[in-house]
Amino acid sequence: GAADSPRIKALLLTRRSYGSAYITRAADESLRRLHTDYLDVFMLHSPPREVLLNDEIPVALDQLRAKGKVRAWGVSAQSEAAAWTAMQMPRIDCLQIRFNVCQAKPKAELISRAANQGLAVIARQPFASGALLARAAEAGLQRESVLGACLQLAQDAEGVASVVVGMSRPEHVAENVAAARTDPTTPLDLERIRALCH
């Protein structure tokens, strides 16, 4: 497939680079592609722990901010351990973490600490990358109710500033917009959805 081509493999390998020169080049390329003068948020995606501990990284990101190319920067953490480490980076603005009904209680302390530190917490994967929706369908639960309850939980979680919902098809957009408008008093009981986590 396309992912097996040498060009794609090389691109994926370079995207795993987190050196200061790469970060600067990536920001400039994003600005060019987006035809804009600044990025609202520049996010490092799934960096390994050694990157989070590298003092050069926040310096490079701060330089982008000082030049007006980036308004805020943060880390999209792959694990809870990485999120805790990322919170120690100097001058970090935001932290993106996985957050859904299966992870809400264990993540409460992390989110509270981040919010108290002044970090904007961005919740991602409120449907557990679709796994909750698939399990709900197998259990005979109404998809719209599950969507609404999962989104409501993420949107209402204290300390969460924003929710990133994965969408790969136009119908997902329509479903998610409808679910975001769901009356919070009518979503399916979260305990029934939480039972799907096991």
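## Crossing of helices α8 and α9

In this predicted model, helix α8 (residues 143-156) and helix α9 (residues 170-180) have axes that come within 8 Å and cross at roughly 65°. Helices here are DSSP runs of H or I with at least four residues, and strands are runs of E with at least two, numbered from the N terminus; axes are lines fitted to C-alpha atoms over the stretch in contact, with angles from 0 to 180 degrees between N-to-C directions. The crossing of α8 and α9 is right-handed, that is, the near helix is turned clockwise from the far one by less than a right angle.

On the α8 side, Arg 143, Leu 147, Gly 148, Leu 151 and Gln 155 meet His 172, Glu 175, Asn 176, Ala 179 and Ala 180 of α9, contact being heavy atoms within 4.5 Å. These residues comprise four nonpolar, four polar and two charged, with Gly counted as polar.

## The disulfide

One disulfide is found in the whole structure, defined as a pair of cysteine sulfur atoms within 2.5 Å. Cys 102 and Cys 197 form it, with sulfur atoms 1.9 Å apart. The link is left-handed, at -85° about the S-S bond. It joins distant parts of the chain, 95 residues apart: Cys 102 lies in the loop between β3 (94-98) and α6 (104-116), and Cys 197 in the segment after α10 (190-194).

Cys 102 is partly exposed at 29% relative accessibility (20% to 50%; buried is under 20% and exposed over 50%, with a 1.4 Å probe and protein chains only).

## Another cysteine

Cys 150 is buried, at 1%. Its sulfur is 7.9 Å from the closest cysteine sulfur, in Cys 102, too far for a bond.

## Basis of the values

Residues are numbered from 1 along each chain as its sequence is written, and side-chain values use heavy atoms, without hydrogens and water. Local features need pLDDT of at least 70 and side-chain atom pairs count only at pLDDT 80 or more, while totals for chains, interfaces and linings use all residues.
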